[in-house]
Amino acid sequence: EDETARAYLASLEIDPTSAKFLFDLLDDGDGSISAQEFVDGALRLKGQARSSDVVSIMHDCNRVLQKLRSIEQILGAMA
């Protein structure tokens with residue numbers, strides 16, 4: 001609810017109501033983000049996603065899914 005923070009987010013074209021969501025995206029799991037991590041992440045999230053970004057993410061997700069299935073098969077064989 002800090003007006004300075006709201007103005008800063010608005011200058012980055014980020015909806016201030018999305019701040020928690022943004023924090024969760026940028027947090028590496030330690031419960032905090034540095035100012036540099038925030039700025040870098042906010043700038044990456046700014047604007048429209050390019051179709052190449054979407055294709056890259058889909059490719060990465062499919063690769064992770066294949067690895068998870070492989071691990072599942074290995075664990076299933078061990079049971």
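I take helices (H or I, at least four residues) and strands (E, at least two) as DSSP runs, numbered from the N terminus. With that rule in hand, I looked up Val39 and found that Val39 lies in helix H3.

**Ground rules.** I am reading a predicted model, where local features need pLDDT of at least 70, side-chain atom pairs count only at pLDDT 80 or more, and totals for chains, interfaces and linings use all residues. Residues are numbered from 1 along each chain as its sequence is written, and side-chain values use heavy atoms, with hydrogens and water left out.

**Confidence.** I checked pLDDT, the predictor's confidence in each residue, from 0 to 100. The mean for the protein is 83, and 94% of its residues reach 70 or more. Helix H3 (residues 35-45) has the lowest confidence, at a mean of 77. Helix H4 (residues 51-78) has the highest, at 90. I keep one caution: where pLDDT is low, the predicted coordinates should not be read in detail.

**Overall form.** I found four helices and zero strands. Along the sequence the pattern reads α-α-α-α. I then looked up the radius of gyration, taken over C-alpha atoms; the globule rule is 2.2 Å times the number of residues to the power 0.38. The protein has 18 Å, while a compact globule of 79 residues would have a value near 12 Å. Along the principal axes, the C-alpha atoms fill a box of roughly 55 × 30 × 20 Å.

**Surface and charge.** The protein exposes about 6600 Å², and carbon and sulfur atoms supply 58% of that area. These areas come from the Shrake-Rupley method with a 1.4 Å probe; for residues, only the protein chains shown count as cover. For charges, I count Lys and Arg as positive and Asp and Glu as negative, leaving out His and the chain ends. Each charge is placed at NZ of Lys, CZ of Arg, CG of Asp or CD of Glu. The mean positions of the 8 positive and 14 negative charges are 9 Å apart.

**Helix H1.** I looked at the start of helix H1 (residues 3-11). There a side-chain oxygen of Asp2 reaches to within 2.9 Å of the backbone nitrogen of Thr4. After H1 comes Glu13, with a positive phi near 60 degrees.

Of the 79 residues, 10% count as buried.

- Gly41 sits in helix H3. I call Gly41 buried because its relative accessibility is 0%. Its C-alpha is 31 Å from that of Ile71, 30 residues apart in sequence.
- Val39 counts as partly exposed because its relative accessible area is 25%. Val39 and Leu12 are 27 residues apart in sequence, yet 9.1 Å apart, C-alpha to C-alpha.
- Leu25 belongs to helix H2 (residues 19-26). Its relative accessibility is 47%, so Leu25 is partly exposed.
- Pro16 is in the loop between H1 and H2. Pro16 is partly exposed because its relative accessible area is 27%. Pro16 and Ala5 are eleven residues apart along the chain, and their C-alpha atoms are separated by 8.2 Å.

Note on methods: A polar contact is a pair of N or O atoms within 3.5 Å; within protein, one must be able to donate a hydrogen and the other to accept it, and residues adjacent in sequence count only if both atoms are side-chain atoms. Buried means under 20% relative accessible area, exposed over 50%, partly exposed in between (1.4 Å probe, protein chains only).
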